[in-house]
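I opened this notebook to record what I looked up about charged side chains. My entries follow below the structure.

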Amino acid sequence: NFGVTLNCTGEESWVDSRTVYIGQKEPPPGTEAYIPQRFPDNRIVSSKYTFWNFIPKNLFEQFRRIANFYFLIIFLVQLIIDTPTSPTTSGLPLFFVITVTAIKQGYEDWIRHKADNAINQCPVHIIQHGKVVRKQSQKLRTYYAVQDTKAFNTAEEVDTLHATIECEQPQPDLRKHINKPSLSLRVTDSVAIYTGMETKMALNYQSKSQKRSAVEKSMNAYLIVYLCILISKALINTVLKYAWQANPNRDEPWYNQKTETERQRHVLIRAFTDFLAFMVLFNYIIPVSMYVTVEMQKFLGSYFILWDDDMFDEELGEGPLVNTSDLNEELGQVEYVFTDKTGTLTENNMELRECCVDGHVYVPHVSLFSEREELFFRALCLCHTVQVKEEETVDGIKRGIHQGKSTSFYISSSPDEVALVEGMKRLGFTYLRLKDSHMEILNREDEMERFELLEVLNFDSVRRRMSVIVRSSSGDYYLFCKGADSSVFPRVVSGKVEQVRARVEHNAVEGLRTLCVAYKKLTHEEYEETCHLLNRAKLALQDRDKKLAEAYDVIEKDFILLGATAVEDRLQDKAADTIESLHKAGMKVWVLTGDKMETAAATCYASKLFHRNTQILELTTKRTEEQSLHDVLFDLSRTMLTHLHTYNDPHRLSGDYQDYGLIIDGATLSAVLKPTQDVTSNGGNYKEIFLEICRNCSAVLCCRMAPLQKAQIVKMIKASKERPITLAIGDGANDVSMILEAHVGIGIMGKEGRQAARNSDYAITKFKHLKKMLLVHGHYYYIRIAELVQYFFYKNVCFIFPQFLYQFFCGFSQQPLYDTRQSLFAFFNISLFQMFGNWTFGTLVFTVLVFTVTLKLALDTHYWTWINHFVIWGSLLFYVIFSLLWGGIIWPFLNYQRMYYVFMQMLSSGPAWLSIILLIIVSLLPDVVKKVLCRALWPTTTERIQVRQHSAHYLHMHRDKSS
């Protein structure tokens with residue numbers, strides 16, 4: 001079998017339809033004018049950059065940071081006017097920051113490109129221009145040809161195929177099934193109409209945008225504050241300079257006479273130039289190096305997750321992945337967790353637990369059945385869309401291998417169908433294959449039975465059922481149907497309905513996924529009428545969905561109930577413990593799933609999202625059919641207000657607290673999010689009322705959700721007035737939208753492929769690892785980044801404040817305190833300045849500064865390692881050695897050395913040593929006193945644990961000595 005690539009041109013005649021010509025360079029004669037169109041290939045794209053847009057797009061994102069943009073302006077100012085410092089003092093750090101950040105982000109995106117290419121470049125055989133070639137196919141899959149095209153046996157014959165496809169435009173609605181389009185030849189089952197970015201999943205993806213952490217946003221806010229401080233300093237110094245120079249003797253002293261050009265320049269221009277010069281002089285109050293340090297801290301810190309052996313999965317042989325390190329600290333600030341159910345909370349490993357036929361319960365491996373029960377098993381072997389595959393590698397996972405040998409296995413869009421077919425195999429009825437439009441099954445006597453597959457009435461979320469029409473080898477026509485109990489029971493005319501219903505309700509409460517099975521026999525005339533009805537609906541280009549729904553409604557009725565099935569999707573290991581821990585940490589957990597309410601609710605109870613004493617509030621379609629949405633919302637709102645008044649009542653008993661949980665379905669959510677048009681109601685905005693209800697619930701379950709609805713919920717919470725930090729976690733392609741929408745997206749490397757993991761910020765193998773990722777790694781990341789940012793601002797203020805004060809002693813002449821270019825002499829009648837020249841005094845101040853801020857870092861260190869010792873004490877040693885070498889040697893590559901012998905001269909002075917030691921002690925003494933008092937009087941939990949550990953260690957050592 002080959003994948004088929006055909007030459008196509010197309011036109012879009014109107015908004016809701018598309019015409020595609022297959023194998024034709026031009027449309028058939030008589031066709032109206034058309035515009036040739038290129039359709040997308042089937043590539044998966046999860047990367048953010050391309051080779052061509054990396055530099056402009058990355059530069060745009062980096063210069064959105066206030067510090068980077070500020071230093072770019074300062075650098076341009078230094079190039080334009082004469083300033084106290086060289087342009088390299090701003091340009092070189094800025095270039096280094098931009099380059100390092102670009103390399104880091106480019107590396108992370110390169111990892112995404114590699115993951116995409118692993119999927120997109122799978123080698124397969126395809127037919128192109130009449131020749132069989134092997135090429136990278138963008139993941140073309142193998143399909144079996146339908147009966148109408150089986151005459152095309154060679155590549156040349158396939159290349160001669162001519163057809164016209166008229167179909168709907170791509171649409172993202174997963175609930176709206178796009179049926180077979182109208183064709184001049186019936187080849188729809190072998191032509192992919194919607195591929196790549198036009199598939200439903202791709203259309204449900206949110207557009208990728210640069211995620212920025214809350215800490216980075218707050219850094220920008222603080223930078224604006226410091227920028228205001230900088231402007232204020234420059235403005236004050238400019239005003240004071242002209243106030244000082246109001247005296248003609250001070251305006252033009254003998255040692256700094258003005259040029260003729262300066263004398264003729266307008267005073268406002270001179271003032272503005274001086275203002276810019278002061279801005280450049282004080283510009284180091286904005287820490288440009290902070291960004292690159294933060295970037296490197298995040299990048300290197302991400303390896304703590306990668307190196308965590310507790311998060312390594314032995315079964316998969318994989319550990320966690322970090323797709324971006326920009327959001328590390330965000331993990332420690334999460335307030336809302338949005339999680340998928342199937343494959344995330346559960347294992348997505350469906351297993352048939354039992355079958356109920358006419359009220360009698362059967363479990364796998366039972367071998368004695370009646371004729372009625374065998375009909376039930378045949379129905380499950382035939383009513384599905386399961387395909388039989390040989391060994392295949394999907395997203396790097398090999399399937400179809402048993403004990404080292406290649407075997408066949410079942411695949412389907414629904415894991416429930418696979419579980420049912422595999423369960424039938426254990427009960428003695430094996431589905432073999434679909435061959436020549438015939439479904440082949442092996443019964444318990446090892447005899448092959450062939451049923452011709454005539455029609456498939458596909459599942460959709462409105463009908464909540466699917467049906468097939470088959471013809472047995474004896475010529476009998478059967479219509480088999482399976483679906484949700486609520487959609488099957490009303491269409492049953494006979495069978496033991498009450499017994500089956502009781503069993504279905506029992507299994508739903510136990511958290512099992514239930515389906516009901518029914519059938520009816522058709523006469524040949526009834527079948528012909530059914531075919532006519534279906535074909536007429538399928539070929540309709542206008543209102544096709546409506547006409548198909550009407551046809552299905554006519555066909556699927558008057559059933560005989562056979563029984564029901566119960567499939568178990570086991571909860572993941574420690575999923576309940578993880579959710580409970582997240583609740584204790586103050587996070588709110590929402591479950592967003594496409595499953596039905598009863599099954600999802602049972603899983604929520606099992607995972608401890610809901611407790612037995614939780615009062616469940618329902619906001620579902622069933623309830624809004626009985627009451628208006630307005631009334632339901634206000635009833636729930638009143639319930640919550642009563643709860644809040646009771647909770648805040650000082651006379652209430654301690655055990656009176658009521659825990660609430662909310663359940664909402666997709667249809668009701670759409671109504672809630674839709675702006676109300678009823679101006680007469682007092683409801684106002686339903687969304688605000690809904691948000692208020694959710695805020696007061698300990699947990700929320702959203703069932704029957706489409707992918708975009710999941711993203712809408714996350715976006716709604718993000719945009720609420722509290723602006724909470726959100727996290728979304730899922731395992732499938734249908735979770736990508738909410739993963740991209742949330743502040744932090746986590747993908748689980750599960751059984752639904754790697755789409756979620758590739759599009760996420762972080763990927764883990766099991767839901768239980770979320771606990772350590774948030775409560776341990778996230779907590780430490782946030783502490784580290786908070787300490788780092790505060791320390792940088794502290795360091796830069798310490799650096800620039802002496803320079804600001806120094807202007808009061810140099811006549812506001814923009815004289816740099818550190819490494820000045822001007823002559824060495826003392827201006828002022830101050831003893832310390834009389835002892836040292838300007839350079840020596842600046843070196844003394846800078847030495848005090850270096851030792852003070854470094855020892856401050858040592859005081860703030862929570863945990864000492866050899867790396868801390870090496871960096872802190874090594875920094876001080878490096879400063880001393882560098883200063884000695886830089887000022888003690890005449891370097892031949894320098895034209896002049898302003899700092900020659902300055903450091904040695906300072907160290908040769910006793911008052912300098914005394915000044916350095918006293919200033920360092922005075923600067924750090926308040927910090928030391930504060931830390932001692934706080935540790936003694938108000939110790940933190942960490943400090944209490946440290947004291948206990950130290951006491952236990954001391955007692956242990958004392959006992960050892962005594963013994």
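I began with D927, which forms a salt bridge (a side-chain nitrogen of Lys or Arg within 4 Å of a carboxyl oxygen of Asp or Glu) with K856, and I noted 2.9 Å between the closest N and O atoms. This pair links distant parts of the chain, since D927 sits in helix α32 (residues 910-937) and K856 in helix α29 (residues 838-859), 71 residues apart; helices (H or I, at least four residues) and strands (E, at least two) are DSSP runs numbered from the N terminus. I found K856 buried at 12% relative accessible area, where buried means under 20%, exposed over 50% and partly exposed in between, with a 1.4 Å probe and protein chains only.

I wrote down that this is a predicted model, in which local features need pLDDT of at least 70 and side-chain atom pairs count only at pLDDT 80 or more, while totals for chains, interfaces and linings use all residues. Residues are numbered from 1 along each chain as its sequence is written, and side-chain values use heavy atoms, with hydrogens and water left out.

Next I looked up E354, which forms a salt bridge with R503, the closest N and O atoms being 2.8 Å apart. E354 lies in strand β10 (residues 346-357) and R503 in helix α15 (residues 497-509), so the pair ties together parts 149 residues apart in sequence. I listed E354 as buried at 9%, whereas R503 is partly exposed at 27%.

I also noted that E374, R378, R444, E445 and E449 are linked in a network of salt bridges, and that the structure holds 36 salt bridges.
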